[in-house]
Amino acid sequence: MSYETILTETDGAVTIITLNRPKALNALSSVVLEELIDAFAAYQADDSQLCAILTGSGDKAFAAGADIKEMSEKAAADFYLQDFFAKWTSHIVKTTRKPWIAAVNGFALGGGCELAMMADFIIASENAKFGQPEIKLGVAPGMGGSQRLTRAVGKSKAMEMCLTGRMMGAEEAERSNLVAKVVPHEELMAEAKKTAALIASMPPMAAIANKEMVNSAFEMTLDQGLVQERRLFQILTASEDKKEGMAAFIDKRDGNWKGR
Ligand code: CO8
């Protein structure tokens, strides 16, 4: 499938989706949104693909935010009537049950930071810079930044970042639990691919269940989350891959997964 604003490729069982508007620092236009939704749906639907990476083209940006030039033309009624940004959550976050990683290679600002935070986790290059500078445009985060950033780094830092619009560098982002790992810039994609391939080598149904459990920690009370975890664990014990995984451990060999 060929797109106007993104690139997609596969590397074994890993899908790589690249935001590809480098001259506009990969700003997230409506076209990008529609194409990303399509690419994530294709990844989810393809049984041969078991982990995905989202990154930005060029050395400078993952994504410098929603497309300000496009937004400047829109009236409030357009944002409201089109329920602008709602599709990110419903189409990319909720329907992508398989794992995906954001490989942040530079600026991840506004909607770019929010898109990275929708990933299951973030691997960042030393050059990465995160921020929610929307206040400087007279608005505020509109794709989950006030919620996901606060859950990731806590109220004090999230509040300071949203109110001042300042950027957070990669080292601070790792220290603040916004990113899982920081690597030298030139090693970013190699590290993301290595991590994605490792995830793709795991039993696929267990990967989906692990993802679902961890996400539940943000959406449920502790008691509800513990019940959810137990039920998913119990479901997995009925899978063919549980039988295979335990047999493989005892036989001292790699598992041969069926994905069910
Ligand atoms: N949208 C559109 N174009 C952009 C964007 C963007 N977000 N960011 C950069 N660009 C374009 C620039 O306009 C420029 O284009 P041109 O060459 O045609 O002038 C090109 O990318 C290169 O950018 P700069 O020359 O500015 O590069 P610098 O290295 O000088 O600066 C920065 C890099 C600091 C990243 C700077 O580009 C910048 O501050 N960008 C905007 C960052 C920002 O404010 N992001 C938040 C956007 S708002 C959002 O994401 C959520 C909105 C929620 C609203 C809810 C409403 C309901």
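Which residues are buried in α5? Let me start there, and say at once that this is a predicted model, in which local features need pLDDT of at least 70 and side-chain atom pairs count only at pLDDT 80 or more, while totals for chains, interfaces and linings use all residues. Residues are numbered from 1 along each chain as its sequence is written.

The buried residues of α5 are Gly111, Gly112, Cys113, Glu114, Leu115, Ala116 and Met117, so that 7 of its 8 residues are buried and the helix is mostly covered. Buried here means that 20 or more other C-beta atoms lie within 10 Å of the residue's own, against 12 or fewer for exposed and partly exposed in between, with C-beta atoms placed from the backbone. Helices (H or I, at least four residues) and strands (E, at least two) are DSSP runs, numbered from the N terminus. The buried residues of α5 pack against a set of elements that includes β4 (61-63), β5 (100-104), β6 (107-109) and α6, where contact requires two C-beta atoms, placed from the backbone, within 7 Å.

That brings me to α6, residues 145-153, whose buried residues are Gly145, Arg148, Leu149 and Val153. Seen down the axis of α6, these buried residues fall within an arc of 105°, so they line one face of the helix; the arc is that of the directions from the helix axis to the C-beta atoms. Their cover includes α5 (111-118) and α7 (155-164), and just after α6 glycine 154 takes a positive phi of about 90°.

Next, the ligand. It is surrounded by 20 residues, of which the closest are Ala27, Gly65, Gly110, Gly111 and Gly142, a residue being near if its C-beta atom, placed from the backbone, lies within 6 Å. The elements that give two or more residues to this shell are α2 (68-72) and β6.

Turning to the domains, the assignment, which is automatic or from a database, gives domain 1 (6-200) and domain 2 (204-251). Their C-alpha centres lie 27 Å apart, and the contact takes 7 residues from domain 1 and 5 residues from domain 2.

Finally, aspartate 241 sits in helix α12 (residues 240-251) and counts as buried because it has 20 C-beta neighbours inside 10 Å. Leaving aside neighbours within four places in sequence, aspartate 241 is in contact with Pro203, Met205, Ala206, Trp257, Lys258 and Arg260.
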